[in-house]
There are 2 protein chains.
Amino acid sequence: MLVLVTYDVETSTTDGKRRLREVAKICVNYGQRVQNSVFECLVDPVQFKQLKARLVKVIDEERDSLRFYLLGSKWKRRVEHIGAKPGYDPEGLLLFE
Amino acid sequence: MLVLVTYDVETSTTDGKRRLREVAKICVNYGQRVQNSVFECLVDPVQFKQLKARLVKVIDEERDSLRFYLLGSKWKRRVEHIGAKPGYDPEGLLLFE
């Protein structure tokens with residue numbers, strides 16, 4: 001299934017900047033970055049649980065926000081892109097729209 | 001239906017900063033800001049078309065990126081939130097999770 005991960009990390013402190021880097025580093029292991037704070041991850045339920053657990057360990061729940069959108073397996077018809085950067089195909093191929 | 005709008009606007013120039021403000025201003029009319037560059041919009045197909053048309057007029061398609069995720073009507077079970085800021089209920093009520 002495709003899970004969209006979006007995050008806001010409070011970066012006014014050095015620790016916040018470190019958290020932001022950590023969050024991105026974790027997400028890179030699970031999916032494709034499609035925007036600055038938006039990743040599309042093709043995961044199974046076990047991987048999704050793992051991803052969430054790893055992110056929760058890194059963020060400051062008082063300051064940072066994580067959102068997950070479960071787009072299912074028929075995600076292709078749910079995504080539209082306009083503008084810069086190609087749309088990524090999380091299944092592997094880069095789609096230049 | 002719930003449409004998630006995510007955007008990256010290139011803000012290294014004054015014009016970019018203006019575009020960013022414009023994009024946010026348009027999105028505010030259609031939904032709730034849930035993160036810095038993420039809006040959840042409860043729209044019908046006509047409103048969705050309108051929203052896209054307005055955004056396309058503002059962005060620089062060479063530099064900025066817009067993504068739309070169609071979460072349908074059963075969106076509630078597709079959204080998970082962790083951390084700061086309450087989850088918004090686009091139907092009106094604020095949900096403090």
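Modeller: A salt bridge here is a side-chain nitrogen of Lys or Arg within 4 Å of a carboxyl oxygen of Asp or Glu. This is a predicted model, in which local features need pLDDT of at least 70 and side-chain atom pairs count only at pLDDT 80 or more, while totals for chains, interfaces and linings use all residues. Residues are numbered from 1 along each chain as its sequence is written, and side-chain values use heavy atoms, with hydrogens and water left out.

Colleague: What makes B:Lys52 and A:Glu80 a salt bridge?

Modeller: The closest N and O atoms of B:Lys52 and A:Glu80 are 2.6 Å apart, and the rule asks for a distance within 4 Å, so the pair qualifies. Between chain A and chain B the count is 4 salt bridges.

Colleague: Why are strand 4 of chain A and strand 5 of chain B said to pair?

Modeller: Strands are DSSP runs of E of at least two residues, numbered from the N terminus (helices are H or I runs of at least four). Two strands pair if DSSP finds at least two bridges between them; these two are joined in the antiparallel sense over 5 bridges, so they meet the rule. Within strand 5 of chain B, B:His81 is the bridge partner of A:Arg67.

Colleague: How do you know how much area the chains bury between them?

Modeller: Buried area is the accessible area (1.4 Å probe) that two parts lose on being put together, summed over both, and for chain A and chain B it is about 3,100 Å², 48% of it on carbon and sulfur atoms. In chain A, the residues losing the most area to chain B are A:Arg67, A:Glu80 and A:Ile82, together 24% of what that side buries.

Definitions and conventions. Chains are lettered from A and ligands numbered from 1 in the order in which they are written.
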